Amino acid sequence: MSASCEALPRTKHFVTKQLNNIVSSRSLTRTKQLHAHTITSGLLSSSLCSNFAKSYALCGHVLYARKLFDGLSDRNSLLYNAVIRMYTQKGMHYDGLKVFTEMTTAGQCLPDNFTYPFVAKACGELSLLDVGVVVHGRALVAGFESDTYVQNSLLAMYMNCGDKEAARRVFEAMKERTVVSWNTMINGYFRIGCAEEALMMFDWMVKVGVEPDCATVVSVLPACGCTKNLELGREVHALVEEKGLGQKNITASNALVDMYAKCGKMDEARLLFDKRSKRDVVTWTTMINGYILNGDARSGLELFGLMHHDGVRPNVVTIALLLSACASLSLSTHGRCFHGWALRQKLESDVMVETALIDMYAKCKDMDHSLRVFARTSRKRMAPWSAIISGCSYNGLAREAIELFKQMLMEAIQPHEATVNGLLPAYSILADFRPAADIHCYLIRSGFLSSVEVATSLIDVYSKCGSLESAHKMFSEIPNKEKDIIAWSVIIAGYGMHGQGEAAVSLFNEMVQSGVRPNEVTFTSVLHACSHAGLVDEGLHLFKSMFESKQVIPQTDHYTCIIDLLGRSGRLEEAYDLIKSMTFMPNHAIWGALLGACVIHENVEIGEIAAKQLFELEPENTGNYVLMAKIYAAVGRWKDAENLRRIMGEIGLRKSPAHSLIEVRNM
C-alpha cells in the first residue's frame, strides 16, 4: 500500500477529488489508502477529516468514523447524518440518538429531512414512543410536515411503537401519499396484530387508484393468510401474475406459497412451489412449514429430502421446523439425526434450535436428552426455559416443572405467557388446591390473568383440584365477549368431571345462546358429563343435534360417550345397534365401553361380541379378559370363566396389581 501511496500526487485538490469519488463508491479499502496517503503527505486538514469521517461512516466503520468525528470542532449536517445513519444501520440506535442530541445541543447546524428519518427509525426500533413524539414535534416545527420521506419514517416509527392511532393520524394528514406510505401502514397493521385493518388499508389503497408493488404484495399476503381470507389472497395472486411480480421478486412468490398454506390450500401452495424454477431456502422452509401447519408433518420431512437433493442448505428456521415435525410424530431417531446435523453445522447454540431440540426430545418422551440439551444452554434466554418447563409438564413431571419455574425466577428470567401456559398443566397433575392458590396469586401480581388462555388453564387447574367454586369464579371473571370455545369447553368438562351433568348441559346451552359455536372438544365434554350423570335423554338429544347441524361430524370420542351412556342405563341393544350403524370402524374404546356396560348388567350375549372384538384389537390387554370372566362368573358360567383365565395364562398375561397413592403433608 505504501508504494501506491507514494505514486499518488501530493496535492489537496487531488485528494479532495479522489475522496469525493470514494464517498460515492463507499469503498473502505480505498478510503483507508487515501487517508494514509493524506497523512503521510501532510495534507490532512479539518475539512478533509470531516470528509474522511463521513466516508468511514458510510462504509460502516464505527471505530475510525467516531474517532475522526470526536476530534472535529466544526461539523456540518452531512457529517452528522452520516454518523447517525451508520449507527442506525449497525443496530446501535442509542448511540445514534446520542449523536442527534449532540447535534441539536451544539446548534452548529440544524437537522434536515435526511436526519429525521434516521432518528425516527432509532426511536421505532427501541420502542421509545415518548422520544419519538418529541422528534415528531421538532420535525413539524422545522417545516417538514409536507416532506413525504420524513412523514413515511414517522408512520413506521409509530407502528413500531405499537401506536396505530398516531400512525393513522399522520397518514390521514399527509398531503401526498406514495406507495411506500400505504405499504408502511399495511405492514405496520399486520406486525402489531391487526391483520383485518391491514386488509382494509389495502382495499382503500386499491380504491383510490394507487398501484401496488412487490412490497405491497409481501405485506398484504401474510395478512390474508392470518385471516384465512382466501378470496382476497387469490385476487392478490392474480395481480402478481398480471404484473409479473413473482418472476421479478422471489419474495413475492414465497409470500404466495405461505398464504395458500396458511389458508389450508396445500395443493395450490405445492403447485406454485413446483412451478418455481428458482427456489431459495425460504421457499423450501415455507413449504415445509405449510405441511406442518396443516397436520401433515410427514410430508414436511419428505420435502426436506428433496431440498437436500436440490443442494439447498437449511437454515436455523428450517431445522427448528423439522425438529417440530419429529416432535409431532414422535420420531426421536429422525430428531437425533437433525440434532447431529445442527452440531456439525455449529447451529446447536442458536436459541431457536435449542428450544426445538428440548421440545422434540420431551415430546418423544426422552426427558434425559431434553434436560441435557437444556443444561448446555446459557440459561439467560426465556425460550429454552419455557420449553423445558412445558416438557416436564407434558411428561407428568409436575414437581420438576414447578421447581424449574422457581429456578427461572431466581435467575431473574422474566417468564412469558407461553412459559405460564406450559407450567399450569403441572398444577393440574398435582391436583392440590394449596399450590394452585399460590400460583393464582403469582399470576395476579404478574398481570398474566389478563390473558384468556392463562385464565382458561387456571380454570382447568381448579377443576382438577376439586374446587369447582374457584373454577367457576375464574370463568365468571372472563369478560363475556372474550370467552372463547376453549374456555367454555374447559368449564363444561370441569362440571362433567365432578358428576354435575345438568350444570354442564346448562352451560353448554348458555354457550350456544351467546353465539359461540361448539366444536368436537365441547361436544365430547358435554356428552361425557351426560354419561357420568346418567342424563340419557339430554345426551341423545345433543348427539342427534350433531348430525342435524352438520357443524361437527361425530368422532370416536363422541360415539364412546353415547355407547357408555346407553350402556350404563341398560339400553345395551340400542348401544350395539348404534355401533353397527357407524360409518367407520369402531376402536377399542367403543367396544370397551360396551363391554363395561355388559359387566354392570350381566349381559353375556353382547358381552361376548364386544370381548371378541377387543381380543383382536388388544390381544395383550388383561382387563378385557378379566371383564369377560366377571360376566361369566356373575351368571354362573364358571367353566367359561376358568377357560378365559387359562387362556390368559397360556399367552403370558397377568392382571396388573392395583395401587393407590396418597400424599402426606406436614401441617
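**View 1. Contact between helices H21 and H23 in a predicted model.** Val316, Val317, Ile319, Ala320, Leu323, Cys326 and Ala327 in H21 meet Met352, Val353, Ala356, Leu357, Asp359, Met360 and Lys363 in H23, where contact means heavy atoms within 4.5 Å. By class, this contact of H21 with H23 has twelve nonpolar, no polar and two charged residues (Ala, Val, Leu, Ile, Met, Phe, Trp, Tyr, Cys and Pro are nonpolar; Asp, Glu, Lys and Arg are charged; the others, Gly among them, are polar). Helices are DSSP runs of H or I with at least four residues, and strands are E runs of at least two, numbered from the N terminus.

**View 2. Packing of H21 and H23.** H21 (residues 316-329) and H23 (residues 351-363) pack at about 10°, with axes 8 Å apart. The pair is therefore roughly parallel (angles under 35 degrees). Axes are lines fitted to C-alpha atoms over the stretch in contact, and angles run from 0 to 180 degrees between N-to-C directions.

View 3. The structure holds 22 salt bridges (a side-chain nitrogen of Lys or Arg within 4 Å of a carboxyl oxygen of Asp or Glu).

**Notes.** Residues are numbered from 1 along each chain as its sequence is written, and side-chain values use heavy atoms, without hydrogens and water. Local features need pLDDT of at least 70 and side-chain atom pairs 80 or more, while totals for chains, interfaces and linings use all residues.

Methods. Parallel < 35°, antiparallel > 145°, perpendicular 65-115°, else oblique.
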